[in-house]
Amino acid sequence: MNVVSPLPAQTGGKMVNAFDPNSLDHLDPALRHAIERRSRLLGPAYRLFYQEPVEVCRGQGTRLWDSQGREYLDAYNNVVSVGHCHPHVVEAVHRQMSTLCTHTRYIQEGILSYAEAMLPSFGGRIGAEGHMMFTCTGSEANDLALRIAKHHTGRRGIIVTEEAYHGNSELTAGFSPSLGENAPLGTWVRRIPAPDSYRHDPATLGRMMAEAITREAHLLKRHGDGLAAFVADSLFSSDGVYATPEVLKPVIEAVHAAGGLFIADEVQSGFGRSGEAFWGFQRHGIDPDIISMGKPMGNGFPVAAIAVAPEVVAEFGRDMRYFNTFGGNGVAMAAANATREVLIGEGLQENARKIGAVLREGIAAMAKTHDSIGDVRGAGLYIGVEMVSDRAAKTPDATKAATIVNEMRKRRVLISATGPAANVLKIRPPLVFSQADADWLLDTLEEVLAL
């Protein structure tokens with residue numbers, strides 16, 4: 001019996017890189033059974049990638065294997081930024097779990113060592129005198145950041161970019177428009193366009209965003225909300241991956257002029273991924289009020305945090321108690337410390353810069369003979385490739401993007417798609433991606449484009 005819930009293949013009118021649960025006939029019986037079992041046990045809200053979903057049972061470095069021993073190249077997963085099952089992280093977690101795992105109401109060395117080592121990396125006020133506060137997930141981190149911003153400013157309005165994703169808690173889902181039309185935004189949320197460097201002059205992007213911030217902040221004030229914060233992913237991941245540097249300089253000025261705080265969401269763009277800087281916001285030359293981080297922080301172990309300027313959190317700390325049962329526990333901090341050691345010890349920021357350039361140059365070369373590639377952009381190992389049906393008109397082609405993603409998957413290379421029209425290939429591999437990995441990805445993409 002088919003017990004898969006009848007969910008649409010499209011969400012909010014956009015094509016997405018998701019499996020259509022109404023289409024099972026093309027799958028082999030074992031995979032079909034696994035999907036039906038998954039749906040029965042986990043319910044209808046969970047989604048799978050690809051027209052033919054991938055089963056995984058083992059990982060190492062940039063590679064994944066299924067139960068049949070088939071090997072896949074993971075060019076999408078930024079959670080395990082230092083590679084699947086990195087032995088240094090595995091050993092640190094095992095050692096700490098064998099010793100002690102408890103909450104932060106006791107004095108423990110791991111959490112202090114991490115904060116002490118990490119804070120200087122942010123620079124500015126936070127690097128000099130700031131604090132870190134720990135959570136389990138990036139959603140929790142952004143939730144906490146907004147609690148602090150609202151308390152500090154006495155306002156509740158939030159501005160984000162048009163297709164931003166900042167979490168799946170009640171609060172953060174309310175300012176994550178990329179979740180789709182069926183996910184309601186808060187009435188205190190306003191959206192501004194992302195810095196689309198493909199369709200606009202890059203030199204004008206910062207000014208355009210700043211002017212939009214000023215307009216929307218004024219509307220928030222008129223409606224009695226005021227501006228608490230502008231939240232930005234420094235590489236605009238869900239908006240389509242835009243990496244033009246310096247565009248946030250005029251934006252932070254406009255945010256502060258409107259009385260709000262600037263929150264840099266580094267959950268996807270931080271920890272050396274851009275290659276040019278350890279934190280994505282540093283490519284813009286700005287000094288945020290709050291920085292949130294998560295996903296790759298523990299290389300797969302749930303750990304996240306915010307870093308906050310002292311004057312921003314002072315009143316919150318006076319008036320509120322902050323406690324998180326699992327946030328900052330000993331095992332989480334062992335994972336975070338070990339991941340940081342690998343990032344620095346193995347030179348992974350530089351590797352992201354070098355291999356990212358190889359990938360962008362290789363795809364740009366393909367664009368010379370494939371008109372469906374409209375734009376190649378990104379920084380380090382975060383790359384967006386915009387697929388178009390008409391290069392002159394820059395017409396988004398979601399069908400082409402979905403076809404490429406699924407044909408790459410058939411050849412066991414895993415990427416995804418993003419952007420408001422779901423037409424931007426999203427290539428975001430672990431930071432240990434090698435030249436050999438890049439060759440495999442480029443050769444496969446060339447083969448798929450030639451179909």
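These entries record what I looked up in a predicted model.

**Entry 1. Ground rules.** I number residues from 1 along each chain as its sequence is written. I take helices (H or I, at least four residues) and strands (E, at least two) as DSSP runs, numbered from the N terminus.

**Entry 2. Helix α8.** I looked up which residues of α8 (residues 248-257) are buried, meaning under 20% relative accessible area, with exposed set at over 50% and partly exposed in between (1.4 Å probe, protein chains only). I found L248, V251, I252, A254 and V255 to be buried. They lie on the same side of α8, because they cover an arc of only 160° around the axis, the arc being that of the directions from the helix axis to the C-beta atoms. On the face turned away from this buried side I noted the exposed residues E253 and A257. I then asked what the buried residues of α8 pack against. They pack against α7 (205-222), β9 (227-233) and β10 (261-265), where contact means heavy atoms within 4.5 Å. Just after α8, I noted that G259 has a positive phi of about 85°.

**Entry 3. Aromatic rings.** I counted rings of Phe, Tyr and Trp (its six-membered ring) as paired if their centres lie within 6.5 Å; planes under 30 degrees apart are stacked, over 60 edge-to-face, and the rest tilted. The structure holds eight aromatic pairs. One of them is F230 with F262, edge-to-face, at 5.6 Å centre to centre and 65° between the planes. F230 lies in β9 and F262 in β10, so this pair ties together parts that are 32 residues apart in sequence. Both F230 and F262 are buried. Elsewhere I found F122, F271, F278 and W279 linked by ring pairs into a cluster.

**Entry 4. Charges over rings.** I required NZ of Lys or CZ of Arg within 6 Å of the ring centre and within 35 degrees of the ring normal. R58 lies over the face of W65, at 4.0 Å from the ring centre. The charged end of K394 sits over the ring of Y198, 4.7 Å from its centre.

**Entry 5. An open sheet.** I traced four strands in the order β3-β4-β5-β16, with mixed pairing; two strands pair if DSSP finds at least two bridges between them. β3 (58-60) and β16 (413-414) are at the edges, each with a single partner strand, so one side of each has no neighbour in the sheet. β5 (residues 71-74) and β16 pair in the parallel sense over two bridges, and L73 stands opposite V413 in β16. Helix α13 (residues 435-449) packs on the sheet and touches β4 (63-65), β5 and β16, its direction making about 95° with that of β5. For such angles, axes are lines fitted to C-alpha atoms, for helices over the stretch in contact, and values run from 0 to 180 degrees between N-to-C directions.

**Entry 6. Two single residues.** A338 is in helix α10 (residues 330-345), and its 2% relative accessibility makes it buried. Not counting residues up to four places away in sequence, A338 touches H88, V89 and A92. N351 lies in helix α11 (residues 348-367) and counts as buried at 16% relative accessibility.

Terms used:
Predicted model: local features only at pLDDT ≥ 70, side-chain atom pairs only at ≥ 80, totals over all residues. Heavy atoms only, no water.
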